[in-house]
Structures are given as structure tokens and as C-alpha cells.
Amino acid sequence: MSDLRKELKVSAIENGTVIDHIPAKSLFQVVKILKLNAIPNQILFGNNLQSQKYGTKGIIKVNDKYFEAQELNKIALVAPSATLIVIKDFTVVYKKNVELPKTIKQFVKCVNPNCITNNENIETKFDVHIDEEGQPKLRCNYCEKFTAKDNMVFI
Amino acid sequence: MKNRSLVSIEDFSKEEWLKILDLAEEFEKNPKQRILEGNVIATLFFEPSTRTRLSFESAASYLGAKVIGFSDASSSSVKKGESLNDTILTVSNYSDIIVMRHPREGSARYASEVSPVPIINAGDGANQHPSQTLLDLYSIRKTQGRLDNIHITFVGDLKYGRTVHSLVIALCNFNAIFHFVSPPELKLPSYVKRHIKDAKLRYYQYTDLTEAIPKTDILYMTRIQKERFSDPIEYEKVKNAYILRNSMLEEAKESMKVLHPLPRVNEITQDVDANPMAYYFQQAQNGVYVRQAILTSILGVK
Ligand SMILES: [Zn+2]
């Protein structure tokens with residue numbers, strides 16, 4: 001890989017947050033979960049980049065923005081392998097993996113069409129469980145049904 | 001249990017279930033006591049269920065409580081588009097406890113979060129109906145003299161029947177041996193089987209009802225609904241295979257009892273009613289004592 005191409009891929013930001021190692025198919029879900037479409041900051045997206053660990057990956061760089069850990073951990077539902085890098089003055093201040101939260105509020109729809117949350121103006125609430133394949137599944141606090149990873153719809 | 005909502009059977013511990021059953025036994029001996037005088041009990045039935053509503057209202061009335069409420073959403077402000085939140089907050093101003101039935105799953109849990117008074121779930125869609133499970137446990141204990149080590153056979157629609165699911169899960173606490181008789185398309189769902197496996201208990205599956213009867217202590221019948229079958233021919237094939245007739249009870253233990261959550265359609269023929277093994281009408285009557293026990297426990301009177 002030429003130096004130029006490499007530089008394009010990892011072009012540095014001065015201050016902000018980098019979310020790396022997002023599975024390529026989950027990039028747009030991450031955008032939706034973090035509501036990146038609704039913030040005025042400069043954002044760089046890369047997707048289908050080569051990754052030694054994951055084959056292809058996505059990366060998001062948000063200038064001048066630091067997220068609450070709680071906020072960022074939401075993306076563990078779709079991108080459990082994602083890494084967070086906080087950058088100040090072009091320097092990596094810290095780096096860590098996202099963690100799956102124990103409970104999820106508000107941003108996922110319950111899969112059950114007859115659930116009260118899908119029929120009245122009520123925020124969803126789930127406990128996070130792990131299914132037999134190691135994937136997260138959400139147990140609705142109200143109707144008690146499970147929403148599997150493949151059925152998750154983000155509000 | 002005082003001031004706590006009862007939305008799911010698992011909201012109360014096994015010890016608390018047993019306390020309710022003991023209390024229900026007291027009420028069975030003396031069901032007419034005016035110990036809830038001055039209390040107001042609201043019964044909000046967003047979908048009609050006459051038997052359940054009458055059972056709660058009878059339980060409350062025998063204890064001297066006043067009952068207010070509605071028996072179907074079309075006759076209430078709900079029809080005008082009022083939110084569940086607003087209905088619950090309003091009614092909680094007028095009552096000490098709310099008994100509710102609602103077609104949406106999770107409605108009772110939500111109500112318990114917004115309501116300043118305790119909620120008793122009398123059925124939320126296909127989800128939970130804890131007073132039914134408690135009255136089933138009461139009927140089992142009363143007829144068998146114990147809850148432990150019961151051979152229980154469930155017959156009919158084991159896939160969609162929430163009564164069956166809740167009772168199986170509850171009996172996992174009492175070392176039950178389970179027998180399941182159903183057409184292949186209406187077998188018990190795997191999440192319920194998981195509870196049995198986690199409790200390290202045994203279950204057996206059959207398609208033929210007579211095969212399971214000789215070992216059985218409690219024969220729990222349910223209705224098979226035509227709507228559950230995508231193929232009407234499949235329904236026609238199985239609909240008569242899960243009907244209990246009096247002649248089939250010859251091989252049964254003398255102490256066996258037949259339970260059914262009612263209403264029955266044709267899954268138990270009328271000639272069974274005269275057999276001393278038929279227990280479904282007493283089972284419904286036990287519902288009143290169990291509901292008296294639930295109401296008084298939550299209101300902190302007993
Ligand atoms: Zn739900």
C-alpha cells in the first residue's frame with residue numbers, strides 16, 4: 001500500500017473521537033444509533049476498508065466531539081468489536097473497546113407488534129441477554145418477548 | 001406483598017405463592033368477611049373477559065369492597081383515544097388497587113410503572129395472567145394434598161396457551177414430571193422447555209392422549225383453536241384427537257383430577273362432568289378464594 005493511500009485512510013483529526021473496527025455491514029446502523037446525521041460536526045466515514053482482523057471494516061471520525069461512554073456503548077449491539085479512540089491535539093488520549101450495556105432504553109423497537117410500546121407512546125426498555133450463538137438479544141421489559149439481533153430496528 | 005403490583009407470576013417468590021395459597025384456604029372456609037370495607041377496587045377490562053372479571057368482582061364484593069370500572073373498552077374514554085397512562089392515572093385517584101385486562105402485551109407492566117396504586121394483571125394479551133396460575137396451583141395442591149412431585153399432563157394447544165406456559169414454569173419449582181400431549185404443530189415452545197431443562201426435570205411428549213393418562217395426577221386440558229392452523233385440513237385432522245371422553249378415564253388413577261381454564265368448547269365431552277375426576281368447575285370457584293387472597297395481601301389487610 002502506498003503511503004498516500006494509507007494516509008487517506010487514516011487521515012488524522014486534531015480533536016475528536018474515532019470509532020474503528022466497525023463491521024462493514026453495521027456502519028450505517030452505527031450512524032443511526034449515534035444520530036450522527038443530526039450533528040453539525042465534521043465527520044469522516046470510511047467503509048469496506050481492508051482489515052487484518054475482520055476482512056472489511058468501517059471507520060468513523062467525528063471532529064470536536066466526545067461521547068458519553070453510555071452513548072457509545074449502545075453501538076456494541078451492532079458492532080461489538082468496535083474500538084473507540086479519543087484524540088486531543090493529534091494525540092491518542094485513550095483507546096478502548098465498546099462494552100455491551102446491561103440494559104437498553106429508547107432506541108430499539110420491540111419486535112412484537114402487539115407490544116404496548118408499539119401501540120402507545122411509550123419508550124422501550126430491554127434487558128440485554130446473549131443467545132446461543134453469542135449474539136446479543138433483548139428482552140422487552142414490558143411484553144417479555146425477545147428481540148434477536150437480526151430483528152433489531154433502531155428508532 | 002403489601003402495595004406491590006402482581007404483573008407476572010415471577011414478581012412474587014415461591015414462598016409468597018405459598019402464602020397466598022394458605023390464605024386462599026382460609027377464605028375457602030370463610031369467604032364472606034367484610035375486611036375490605038371502605039376499599040375501592042377498580043376493574044379495568046380493556047377487552048372483555050366476563051369470567052375473570054366476575055371472579056375478581058365476586059372476590060372483592062364478598063369482602064365488602066366497592067367495585068368500580070368498565071367491562072369493555074368501547075364503553076369508556078379509551079374509545080375516545082385516551083392513552084393508557086391517562087386512564088391509569090385517573091382511575092388511581094378513585095381506587096386503592098387496579099385489576100386490569102388489556103389486549104396489548106406489556107400493558108400491565110407499563111401501568112404498574114405509572115400507577116401510584118398497585119396493579120393486578122388479569123391478562124395482558126398472550127403474555128401473563130398470574131392469578132390463573134395461582135388458582136391452578138391451589139387446585140393442584142387441594143386435590144393432591146401436595147404440590148411436589150406431581151405427574152401433570154397438558155393436552156391440546158401447548159404452543160399458544162399462556163396458561164400452560166405459566167403453570168409449567170411455576171411447577172418447575174415443585175419437581176413436577178411433565179407430560180405433553182399435542183399435535184406436532186402445537187408443541188410446547190422451546191423457551192418453556194428450557195425452564196424444565198434448567199430445573200433438571202423430566203418431560204415426555206405424546207401425540208396420543210390415552211397413552212399418558214395412566215401415570216397422570218393432574219390432566220390439564222386446553223382448547224385447540226382453528227385459527228392457530230394455517231392449513232384448515234390439518235385442523236380437521238387433529239381436532240378430534242384431543243377430546244377427552246369419559247370412557248378414556250377408565251385407566252386413570254382414582255385420585256386423578258381433570259383441570260381446564262375454561263371456557264370449554266368440545267374438548268371435554270359432557271359425560272365427563274359427572275365423573276368425580278372432573279374438577280374444572282371447582283377450579284373456577286377456587287379462583288374466587290385465590291383472588292381474595294391476592295387482593296387482601298396486596299392491600300395489606302392479611
Ligand atoms: Zn415488547
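This is a predicted model: local features need pLDDT of at least 70, side-chain atom pairs count only at pLDDT 80 or more; totals for chains, interfaces and linings use all residues.
Biologist: In what order do the four strands of the open parallel sheet of chain B stand?
Modeller: Strand E2 (66–70) and strand E4 (119–124) of chain B each have a single partner strand, so they stand at the edges, with one side of each left without a neighbour in the sheet. Neighbouring strands of this sheet are turned by 15° against each other on average, direction ignored. The order in chain B is E2-E1-E3-E4.

Biologist: Which residue in E3(B) stands opposite Ala42(B)?
Modeller: Strand E1 (residues 40–45) of chain B pairs with strand E3 (residues 97–102) of chain B in the parallel sense, over five bridges. Opposite Ala42(B), E3(B) places Ile98(B).

Biologist: Which strands of chain B does H10(B) touch as it packs on the sheet?
Modeller: Helix H4 (residues 107–114) of chain B lies across E3 and E4 of chain B and runs at about 160° to E4(B). H10(B) also packs on the sheet, and its direction makes about 130° with that of E3(B). The strands of chain B touched by H10(B) are E1, E3 and E4.

Biologist: Which strands of chain A stand at the edges, each with a single partner strand?
Modeller: Chain A has an open sheet of four strands in the order E6-E7-E8-E9, with antiparallel pairing. An edge strand has a single partner, so one side of it is left without a neighbour in the sheet. The twist averages 35° from one strand to the next. The edge strands of chain A are E6 (103–105) and E9 (146–148).

Biologist: Which residue in E8(A) stands opposite Asp127(A)?
Modeller: E7(A) and E8(A) run antiparallel and are joined by five bridges. Facing Asp127(A) across this pairing is Arg139(A).

Biologist: Which residue takes a positive phi in the hairpin of E4(A) and E5(A)?
Modeller: Strand E4 (residues 83–88) and strand E5 (residues 91–97) of chain A pair in the antiparallel sense over six bridges. Within this pairing, Val86(A) has Tyr94(A) as its bridge partner. The hairpin has two residues between the strands, and the positive phi, near 50°, belongs to Asp89(A).

Biologist: Which element gives the most residues to the lining of the largest pocket?
Modeller: The largest pocket holds about 1000 Å³ of space. Among its 29 lining residues, the closest to the centre are Glu144(A), Lys145(A), Phe146(A), Tyr191(B) and His195(B). Two or more residues come from each of strand E7 (125–130) and strand E8 (136–140) of chain A, and from each of helix H6 (162–171) and helix H7 (190–198) of chain B. The most, six residues, come from H7(B).

Biologist: How many residues of the lining of the largest pocket are charged?
Modeller: The lining also includes 10 nonpolar and seven polar residues. The charged residues number 12.

Biologist: Which domains of chain B each give at least three residues to the lining of the second largest pocket?
Modeller: The second largest pocket has a volume of about 850 Å³. Its lining has 32 residues, with Arg101(B), Arg162(B), Thr163(B), Pro261(B) and Leu262(B) nearest the centre. H10(B) gives the most, six residues. The domains of chain B that each give at least three are domain 1 (9–129 + 287–298) and domain 2 (130–284).

Biologist: How many residues of the lining of the second largest pocket are polar?
Modeller: This lining includes 11 nonpolar and eight charged residues. The polar residues number 13.

Key: Residues are numbered from 1 along each chain as its sequence is written. Chains are lettered from A and ligands numbered from 1 in the order in which they are written. Side-chain values use heavy atoms; hydrogens and water are left out. On a 1 Å grid over the protein atoms alone, a cavity is a set of points where a 1.4 Å probe fits but cannot get out, and a pocket is an open set with protein on both sides within 12 Å along at least five of seven lines; lining residues have an atom within 4 Å of a point. Grid points are joined across faces, edges and corners, and a volume is the space filled by probe spheres set on the points. Ala, Val, Leu, Ile, Met, Phe, Trp, Tyr, Cys and Pro count as nonpolar, Asp, Glu, Lys and Arg as charged, and the others, Gly among them, as polar. Domain bounds come from an automatic or database domain assignment. Two strands pair if DSSP finds at least two bridges between them. Axes are lines fitted to C-alpha atoms, for helices over the stretch in contact, and angles run from 0 to 180 degrees between N-to-C directions. Contact means heavy atoms within 4.5 Å.
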